[in-house]
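Please look over the sequence and the model first.

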Amino acid sequence: MSQHFHLNTPLLESVSMSKRVGTTVYLKMENCQPSGSFKIRGIGHLCQQLAGQSRGIVCSSGGNAGMAAAYVARRMGLPATVVVPSSTPQLVVQRLQDQGAAVRIVGKVWDDANAEALRLAETEGLTLVPPFDHPLLWQGHASLVAEAAAALGPDRKPGAILLSVGGGGLLCGVVHGLRDVGWMDVPIIAMETVGADCFNTAIKAGKVVTLEDITSEAKCLGAKTVCQAAFDFSQSGELNIISDLVSDQEALKAVCTFLDEERVLVEMACGAALAAVYSGLIARLQNQGGLPTPLGPLLVVVCGGSGINMEQLDSLRQKLLS
Ligand code: PLV
């Protein structure tokens, strides 16, 4: 049996969120993972499958995939190189280096950093760890649904699952997890910020498209193109995926409210999902018939993120909320 790198995270009931939504809200606390986000589930699994004999790994990242890759590489005794775009906060670069990774800063957005990671994998013979587009990542991420199902018990099922979408790896993993536990009738509410909205744009266009630029401050949602598998799930008719957007301001306010009410600091990438609760989107979807009334328990994936501290939060507040 190979060892797991991820933890079985707590499933917490949020009284204040439940009051706002009018149904019980459960928080799957992926911020508690050793690397600070859910990414370690998929990346741990992928590295176990692909990097056993590797001379080192290379990962392109907005930050959190890199944190997971660096953590896993350290545990496996492998060197890790993480390529991040220049939009990545210095605190993330420092945290990656503290985790033992060599950090390269290349390009303006994740897509530029990814091109460099592909080149390094090729020229240096390193194992490529993609942040969201790989079936082994989805298989690894699926474990969060199985854990939630075990924690809820045999007779309970969510009325909906709320999560954030960057490149779509978390979404694909949750779909796999829903399939594994027989919950394909549970709708998924897939949130992005305006300006990092490759999934929503693809749905509106009826095909995968590449955004011209990332203009949102939620840099960890900032892939210009959603992975094909996530788009295909949205079109398959196998399950109900509701794609919606919040502004950067709403995502940041959600981060602040979550800190006040749950005493947990998360990134704006995570705030995008939390904002669906705080901005009244769930009720709006119910009124429009997109979600049933009454709604069963709402399962929120608190995806977490390491790219935030008080200083970063203050500067985001000054930039977006003043
Ligand atoms: N972040 C990726 C992609 O960035 C990364 O490299 O870390 N919540 C958090 C805290 C995240 O860090 C990410 C992805 C997501 C949500 C979205 O996950 P995805 O990409 O699997 O949809 C460009």
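The model is predicted. There are 22 residues around the ligand, and Ser-61, Gly-62, Asn-64, Gly-166 and Gly-168 come nearest.

| Residue | Ligand atom | Distance |
|---|---|---|
| Lys-39 | nitrogen | 3.4 Å |
| Ser-61 | oxygen | 2.7 Å |
| Asn-64 | oxygen | 2.8 Å |

The ligand taken alone exposes 520 Å², and the protein buries 100% of that area.

Two packed helices are described by the angle between their axes and the distance between the axes. For helix 11 (residues 248-262) and helix 12 (residues 268-278), the angle is about 85° and the axes are 7 Å apart. An angle of 65 to 115 degrees counts as roughly perpendicular, and helix 11 and helix 12 are therefore roughly perpendicular to each other. On the helix 11 side, the residues in contact include Leu-252, Val-255 and Phe-258, while those of helix 12 include Met-268, Leu-274 and Tyr-278. The residues of this contact divide into 10 nonpolar, 2 polar and 3 charged.

Most residues other than glycine have a negative phi, and most peptide bonds are trans. Arg-263, which is not a glycine, has a positive phi of about 65°. Arg-263 sits in the loop between helix 11 and helix 12. The peptide bond from Thr-293 to Pro-294 is cis, with omega near -5°. Pro-294 belongs to the loop between helix 13 (281-287) and strand 10 (298-302).

Key: Residues numbered from 1 in each chain as written. Predicted model: local features only at pLDDT ≥ 70, side-chain atom pairs only at ≥ 80, totals over all residues. Heavy atoms only, no water. Axes fitted to C-alpha atoms, helices over the stretch in contact; angles between N-to-C directions. Helix = DSSP H or I, 4+ residues; strand = E, 2+ residues; numbered from the N terminus. Parallel < 35°, antiparallel > 145°, perpendicular 65-115°, else oblique. Contact = heavy atoms within 4.5 Å. Nonpolar A, V, L, I, M, F, W, Y, C, P; charged D, E, K, R; others polar. Near = heavy atom within 4 Å. Polar contact = N/O pair within 3.5 Å; in protein donor to acceptor, adjacent residues only side chain to side chain. Areas by Shrake-Rupley, 256 points an atom, 1.4 Å probe, with all protein chains shown as cover.
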